[in-house]
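Let's take a walk through a protein model together. Have a look at the sequence and the fold below, then read on.

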Amino acid sequence: MALPDQRPARKPDRVALAKAIEDLLLACGAELDAETRVTPDRVAKAFAEDLLDGYARDPVETLKGSLVPAPRKGELVIVSQIDFHSMCPHHLLPYKGTAAVGYVADQWLVGFGKIAEATDALSHRLILQEQLVHRLCESVVAALKPLGAGVMIAAEHGCMQVRGPRRRESKVTVEAWAGAFEKDAELRASLARRAEG
């Protein structure tokens with residue numbers, strides 16, 4: 001299985017972001033008036049601190065940061081209803097939803113909050129939902145070396161709801177499985193039940 005992200009971590013360039021947003025606004029025909037004069041800086045701050053700050057974080061290292069020995073081999077751990085937001089790389093529109101992450105422990109357990117942090121490290125990037133679910137599963141496998149891992153992500157996409165098809169109630173679910181989860185339908189069903197709440 002490939003490592004989820006082999007590029008070096010990097011922080012967004014807020015000055016370049018603000019300039020790009022200003023150019024975008026002007027290219028759209030907007031005027032930089034009293035209401036929009038500070039918009040480029042605000043948008044740059046939002047992108048750098050909230051929407052695309054995941055590039056500065058490594059999900060595998062995040063997970064490795066709180067490993068503890070597993071008391072029993074084969075223990076099933078599922079963390080569900082992890083809310084997240086991300087940005088579609090095709091239209092630069094947001095999507096948001098919930099993730100459920102499960103693994104069958106071999107030697108290691110990880111703090112539940114670290115699973116949420118790893119989710120954010122990946123989702124706070126320009127990333128397709130299909131890539132997000134696989135990279136998160138790969139990160140769990142790379143960090144914990146479990147007997148198996150599974151991830152389910154359900155999300156609502158701005159690009160489906162406010163443009164193109166304009167399906168306001170649409171939701172997309174994507175799954176990724178590794179190890180024992182690939183072979184065991186009951187493990188997948190357990191994760192699916194918890195993913196639904």
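Let's begin with two helices. Helix α1 (residues 14–27) packs against helix α2 (residues 39–51) at an angle of about 130°, and their axes are 8 Å apart. Axes here are lines fitted to C-alpha atoms, for helices over the stretch in contact, and angles run from 0 to 180 degrees between N-to-C directions. α1 and α2 are therefore oblique to each other; angles under 35 degrees count as roughly parallel, over 145 as roughly antiparallel, 65 to 115 as roughly perpendicular, and the rest as oblique. Which residues of α1 meet α2? On the α1 side they are Arg14, Leu17, Ala18, Ile21, Glu22 and Leu25. Their partners in α2 include Val43, Ala44, Phe47 and Ala48. Contact means heavy atoms within 4.5 Å.

A quick word on where this comes from: the model is predicted, so local features need pLDDT of at least 70 and side-chain atom pairs count only at pLDDT 80 or more, while totals for chains, interfaces and linings use all residues. Residues are numbered from 1 along each chain as its sequence is written, and side-chain values use heavy atoms, with hydrogens and water left out.

Now zoom out. The chain has 8 helices and 6 strands, which are DSSP runs numbered from the N terminus (helices H or I, at least four residues; strands E, at least two). The C-alpha trace spans about 65 × 35 × 25 Å along its principal axes. Of the 197 residues, 40% are buried; buried means under 20% relative accessible area, exposed over 50%, and partly exposed in between (1.4 Å probe, protein chains only). Take the contacts between residues at least 6 apart in sequence: 72% of them join residues at least 24 apart.

What about the inside? The largest nonpolar core has 35 residues, and Leu63, Tyr103 and Ile115 have the most contacts inside it. A nonpolar core is a set of buried Ala, Val, Leu, Ile, Met, Phe, Trp, Tyr and Cys residues joined through side-chain atoms within 4.5 Å. The largest share of this core, 8 residues, comes from α5. A second, separate core has 7 residues, among them Val104, Met152, Leu187 and Ala195.

How many aromatic pairs does a search of the whole structure find? It finds 2, and here they are:

| Pair | Centres apart | Angle of planes | Type |
|---|---|---|---|
| Phenylalanine 84 and tyrosine 95 | 6.2 Å | 80° | edge-to-face |
| Tryptophan 177 and phenylalanine 181 | 5.9 Å | 10° | stacked |

Rings of Phe, Tyr and Trp (its six-membered ring) pair if their centres lie within 6.5 Å; planes under 30 degrees apart count as stacked, over 60 as edge-to-face and the rest as tilted. Phenylalanine 84 sits in strand β2 and tyrosine 95 in strand β3, 11 residues apart, and both are buried. Phenylalanine 181 counts as buried too, at 0% relative accessibility.

Finally, check two loops. Leucine 92, in the loop between β2 and β3, has a positive phi near 55° although leucine 92 is not glycine. At 47% relative accessibility, leucine 92 counts as partly exposed. Lysine 145, in the loop between α5 and β5, also has a positive phi, about 50°. Lysine 145 is exposed, with a relative accessible area of 53%.
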